[in-house]
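Hello,

Here is the structure I promised to pass on, with my notes below it. Please have a look when you get a moment.

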Amino acid sequence: MGDAESVRGAGFVERTRVREALETLRAAVNVSTGTRTLALAAADGRVLAETVTSPRNVPDFPRAAMDGYAVRAEDTFGAADRSPATLAVGDSAGPQRATWVHTGSPVAEPADAVVKTENAREVGDSIEVTSAAAVGQNVSEVGEDIEADQHLFDSGHRLRPSDLALLRSVGIESVTVRERPSVAVIPTGEELVESDPDPGEAIETNGLMVSSLAERWGGDTRYRDVVTDDRDALVDAIEADLDADVIVTTGGSSIGKRDLLPAVVEDRGELLVHGVALKPGHPVALGQVEDTPVLMLPGYPVACIVNAWQFVRPVLNWTADTEPDEPARVEAELDRKIRSEPGIRSCVRVTVSETDEGAIAEPVHESGASILSSVSLADGWVQVPESIEGYDAGDRVTVEFWEAQP
């Protein structure tokens with residue numbers, strides 16, 4: 001299979017397909033976060049816990065859609081450059097009388113149109129209208145943007161800056177949202193240290209990476225100290241964080257002598273999945289202890305981030321009663337062949353460059369789940385489905401950009 005992670009993954013008697021693993025996990029996860037009311041300024045990125053409808057029309061009065069003169073349209077009928085309609089200018093519109101309005105100003109009866117400034121010539125205290133206006137021209141009617149009682153957002157919608165602006169425009173200043181899911185991130189491995197590793201030791205990075213991703217994906221993380229490969233220590237670590245909405249561990253998820261976590265979770269709760277048809281990332285385990293999902297990610301950093309995106313991201317959304325957004329994507333031409341094993345979903349890291357002919361995707365590493373730099377150097381990845389053996393050079397592929405997605 002090519003790299004150490006794949007060789008270890010080959011020891012699994014059965015590897016669950018990604019879709020099936022997600023379905024199993026989804027059935028076990030319940031909405032678990034509470035709610036709170038936040039001012040709009042603090043609600044960006046939060047998930048609504050209520051359906052929102054508009055309490056009023058926007059606009060709630062006829063308003064000018066641009067700078068110009070409010071007029072009665074009938075007073076301009078037949079106006080042209082050589083035969084303009086002459087209207088007096090005053091503080092209000094009326095028969096044969098116009099009034100200056102700014103964009104957004106009320107257009108009060110009997111005015112029913114706005115003449116653009118370029119279609120009006122000032123002549124003393126009057127204007128000459130050089131183009132006839134139709135009833136309603138350049139006027140935003142009541143409710144043109146939003147109508148009173150109009151449905152705006154469903155519960156489960158993740159708020160964006162434009163949504164906050166829309167809510168304020170209808171007079172809403174606060175919303176009820178889901179609490180951010182609490183995520184306990186527990187790095188494991190007796191070889192891990194915080195700094196200055198001796199031979200045989202490694203600096204802990206997976207916990208930092210997963211904690212940061214979980215924050216981007218809407219979680220409120222607890223980045224725990226490294227736990228050694230000891231059964232009792234692992235039990236204590238998991239039990240200490242059972243009040244979290246989600247527990248994520250890194251390392252110790254495979255089938256070796258030091259891979260104790262799956263057995264610990266199975267003993268204390270339920271092991272739902274162990275071993276997934278995913279490359280990199282075969283040795284992931286998914287379980288549950290006292291209704292708390294426990295996601296056991298592999299220790300190889302590339303496998304860790306792939307599984308975090310595949311499983312941690314959706315679980316954080318599900319616990320907050322929403323679904324993950326589709327990732328940002330670009331269609332690109334593959335510059336060389338990439339291979340994949342039938343029955344396995346492969347996530348191939350790529351860089352993307354723009355040419356006159358369009359985007360070009362170049363694989364960074366097709367193997368090497370321990371090469372962390374290959375993730376940082378990549379722009380995204382191409383997911384090769386289980387049904388094919390890869391893509392040929394020149395094929396059009398979809399590149400997904402994973403790190404910024406909630």
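Helices (H or I, at least four residues) and strands (E, at least two) are DSSP runs, numbered from the N terminus. Keep in mind that this is a predicted model, in which local features need pLDDT of at least 70 and side-chain atom pairs count only at pLDDT 80 or more, while totals for chains, interfaces and linings use all residues. Residues are numbered from 1 along each chain as its sequence is written, and side-chain values use heavy atoms, with hydrogens and water left out.

First, the chain as a whole. The protein chain has eight helices and 28 strands. Its C-alpha trace spans about 95 × 50 × 40 Å along the principal axes. The radius of gyration of the protein chain is 30 Å, whereas a compact globule of 406 residues would have one near 22 Å; the radius is taken over C-alpha atoms, and the globule rule is 2.2 Å times the number of residues to the power 0.38.

Of the 406 residues in the protein chain, 48% are buried. Here buried means under 20% relative accessible area, exposed means over 50%, and partly exposed is in between (1.4 Å probe, protein chains only). The accessible surface of the protein chain comes to about 18700 Å², and carbon and sulfur atoms hold 45% of that; these areas come from the Shrake-Rupley method with a 1.4 Å probe, and for residues only the protein chains shown count as cover.

Contacts are also worth a look (contact means heavy atoms within 4.5 Å). Among those in the protein chain between residues at least 6 apart in sequence, 74% join residues at least 24 apart.

As for charge, the protein chain carries 35 positive and 72 negative side chains, and the centres of the two sets lie 2 Å apart. Lys and Arg count as positive and Asp and Glu as negative, with His and the chain ends not counted. The place of a charge is taken as NZ of Lys, CZ of Arg, CG of Asp or CD of Glu.

Now to the aromatic rings. Rings of Phe, Tyr and Trp (its six-membered ring) pair if their centres lie within 6.5 Å; planes under 30 degrees apart count as stacked, over 60 as edge-to-face and the rest as tilted. By this rule there are two aromatic pairs. Tyr 69 and Trp 100 form an edge-to-face pair, because their ring centres are 5.2 Å apart and their planes stand at 75 degrees. This pair links distant parts of the chain, 31 residues apart: Tyr 69 is in strand β4 (residues 68-71) and Trp 100 in strand β6 (residues 97-101). Tyr 69 is buried at a relative accessible area of 5%, while Trp 100, at 36%, counts as partly exposed.

Trp 309 and Trp 381 are edge-to-face too, since their ring centres are 5.7 Å apart and their planes at 90 degrees. Trp 309 belongs to helix α7 (residues 301-319) and Trp 381 to strand β26 (residues 380-384), so the pair ties together parts 72 residues apart in sequence. Both Trp 309 and Trp 381 are buried.

Helix α7 also contains Thr 319, which counts as buried at 1% relative accessibility. Leaving aside neighbours within four places in sequence, the contacts of Thr 319 include Val 29, Asn 30, Pro 181 and Asp 245.

Gly 156 sits in the loop between β11 (151-153) and α3 (161-169) and is buried, at 11% relative accessibility. Not counting residues up to four places away in sequence, Gly 156 touches Val 47, Leu 48, Asp 321 and Thr 322.

Finally, some backbone details to check. Most residues other than glycine have a negative phi, and most peptide bonds are trans. A cis peptide bond joins Val 58 and Pro 59, with omega about -5 degrees; Pro 59 is in the loop between β2 (52-53) and β3 (63-64). Another cis peptide bond joins Lys 279 and Pro 280, with omega about -10 degrees, and Pro 280 lies in the loop between β19 (278-279) and β20 (285-289).

Asp 149 is not a glycine, yet has a positive phi of about 70 degrees. Asp 149 lies in the loop between β10 (139-140) and β11 and is exposed, at 65% relative accessibility. Glu 290 likewise has a positive phi, about 50 degrees; Glu 290 is in the loop between β20 and β21 (292-297) and counts as exposed at 56%.

Best wishes
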